[in-house]
Amino acid sequence: MSQSASAEGGASYAAAGVDIEAGDRAVELMKEWVRKTRRPEVLGGIGGFAGLFDVSALKRYERPLLASATDGVGTKVDIARRMGVYDTIGHDLVAMVMDDIVVCGAEPLFMTDYICVGKVHPERVAGIVKGIAEGCVLAGCALIGGETAEHPGLLGPEDFDVAGAGTGVVEADRLLGADRIRTGDAVIAMASSGLHSNGYSLVRHVLFDRAGMELDQRVDELGRTLGEELLEPTKIYSLDCLALTRTTEVHAFSHITGGGLAANLARVVPDGLHAVVDRSTWAPGAIFDLVGTAGRVERLELEKTLNMGVGMMAVVPAESVDVALTTLADRGVDAWVAGEITERGDRATGAEMVSDYAS
């Protein structure tokens, strides 16, 4: 193509909707936050083709097992977009990834992210990364890299999505899971900070489409606006769980995400045993009642979609309960004994919920 033809209207990346300079600006803005997550094992900075992590630190392990997980935050991103608040959704992302990793007893090491946008707004992208970095600090891991992709034509100018992947490590003989659980073990529940990052398709349908509520609407039962409640960051339990493994015997953890409490707890209960969770040991927060009432959602439907006020569970020997609860209380985690492990008998599933919720 001749120079004149190009000048008269030749195609370009910018004309197609991709702004490389805006992407570069976003990277510059996020560097400050990424540096705050740095661990001694991290080599180099952001901007390379790959993040580097010095695994020679793992030589102290007899048999190190790497644990890996990947996740996103679902349609909660729509709440962030509509509210114009972008520095908390990354916190949710870290929680979804790293709290899956810690379930097996693994220490979170590092994370990478992927941010997809319709149009790069540098400050907005930097805000998302700020939230991811702050979440990484709370999880004790490094943010060693990521990718920001601009997809004009596929996403609207204000649309975005986030995803991430993380890696942790655990000594083989300290791996937690179903094979450690025994009859008589106690099930300890750790309170959630709210809805966390699951069930938002149901929540949005109920509260917006059916109840006609608005994000800026103040809800007395919640003590704040609906938008503030729905955007409450997911609690990150990683360091709290690791503290438990250091102070007392732990047999398993269960991260309560999609599928609800019983289904996620059943994933770590071995064949032949059964987890019984007593609803009367806690009262779910007001947001759960609001969703149920506004949408006339049956309790079982709520329980298989939302966390109902419990974000993480630990299965510990009965003799470890007091130390476990004290450790969590000292760390500011609201926790209680919510159930026990029994023989399965003729029960068809690995976990069930009994009684009615406390009022």
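**View A. Trp 336 is buried, its relative accessible area being 13%.** The model shown here and in the other views is predicted. Because burial is assigned under 20% relative accessible area, Trp 336 at 13% falls in that class. Trp 282 also counts as buried, at 5% relative accessibility.

View B. Four aromatic pairs are counted in the model. One of them joins Phe 53 to Phe 110, with 4.9 Å from centre to centre and 45 degrees between the planes, a tilted arrangement. Phe 53 belongs to strand β2 (residues 52-53) and Phe 110 to strand β4 (residues 107-117), so their contact ties together parts that are 57 residues apart in sequence. Phe 53 and Phe 110 are both buried. In the pair of Trp 282 and Trp 336, the ring centres are 5.9 Å apart and the planes stand at 40 degrees, so this pair is tilted. Trp 282 is in the loop between β11 (273-278) and α10 (286-295), while Trp 336 is in strand β13 (residues 335-343), so the pair ties together parts that are 54 residues apart in sequence.

**View C. A lysine charge sits over the ring of Tyr 237.** The charge is the end of the Lys 235 side chain, placed 5.6 Å from the centre of the Tyr 237 ring.

**View D. Glu 107 and Arg 60 form a salt bridge through their side chains.** The N to O distance in this bridge is 3.8 Å. Glu 107 is part of strand β4 and Arg 60 is part of the loop between β2 and β3 (64-72), so the bridge ties together parts that are 47 residues apart in sequence. Glu 107 is partly exposed, with a relative accessible area of 23%. Arg 60 is exposed, with a relative accessible area of 62%. Over the whole structure, a search finds 15 salt bridges.

**View E. Arg 81 forms a salt bridge with Asp 78 and another with Asp 159.** For Arg 81 and Asp 78, the closest N and O atoms are 2.6 Å apart. These two residues are three residues apart in helix α3 (residues 76-83), so about one helical turn separates them. Asp 78 counts as buried at 15% relative accessibility, and Arg 81 is partly exposed, with a relative accessible area of 29%. For Arg 81 and Asp 159, the closest N and O atoms are 3.8 Å apart. Arg 81 is in helix α3 and Asp 159 is in the loop between β5 (142-150) and β6 (160-171), so this bridge ties together parts that are 78 residues apart in sequence. Asp 159 is partly exposed, with a relative accessible area of 30%. Through salt bridges that share partners, Asp 78, Arg 81, Arg 82, Asp 159 and Arg 204 are joined into one network.

**View F. Helices α4 and α5 make a right-handed crossing.** Helix α4 covers residues 89-101 and helix α5 covers residues 122-139. Their axes come within 6 Å and cross at roughly 40 degrees. The two helices are therefore oblique to each other.

View G. Arg 296 has phi near 45 degrees, a positive value in a residue other than glycine. Arg 296 is in the loop between α10 and α11 (299-303) and is exposed, with a relative accessible area of 70%. Ser 355, likewise a residue other than glycine, has a positive phi near 65 degrees. Ser 355 lies in the segment after β14 (351-354). At 39% relative accessibility, Ser 355 counts as partly exposed.

Definitions and conventions: Residues are numbered from 1 along each chain as its sequence is written. This is a predicted model: local features need pLDDT of at least 70, side-chain atom pairs count only at pLDDT 80 or more; totals for chains, interfaces and linings use all residues. Side-chain values use heavy atoms; hydrogens and water are left out. Rings of Phe, Tyr and Trp (its six-membered ring) pair if their centres lie within 6.5 Å; planes under 30 degrees apart count as stacked, over 60 as edge-to-face and the rest as tilted. Helices (H or I, at least four residues) and strands (E, at least two) are DSSP runs, numbered from the N terminus. Buried means under 20% relative accessible area, exposed over 50%, partly exposed in between (1.4 Å probe, protein chains only). A charge sits over a ring if NZ of Lys or CZ of Arg is within 6 Å of the ring centre and within 35 degrees of the ring normal. A salt bridge is a side-chain nitrogen of Lys or Arg within 4 Å of a carboxyl oxygen of Asp or Glu. Axes are lines fitted to C-alpha atoms, for helices over the stretch in contact, and angles run from 0 to 180 degrees between N-to-C directions. Angles under 35 degrees count as roughly parallel, over 145 as roughly antiparallel, 65 to 115 as roughly perpendicular and the rest as oblique. A crossing is left-handed if the near helix is turned anticlockwise from the far one by less than a right angle, and right-handed if clockwise.
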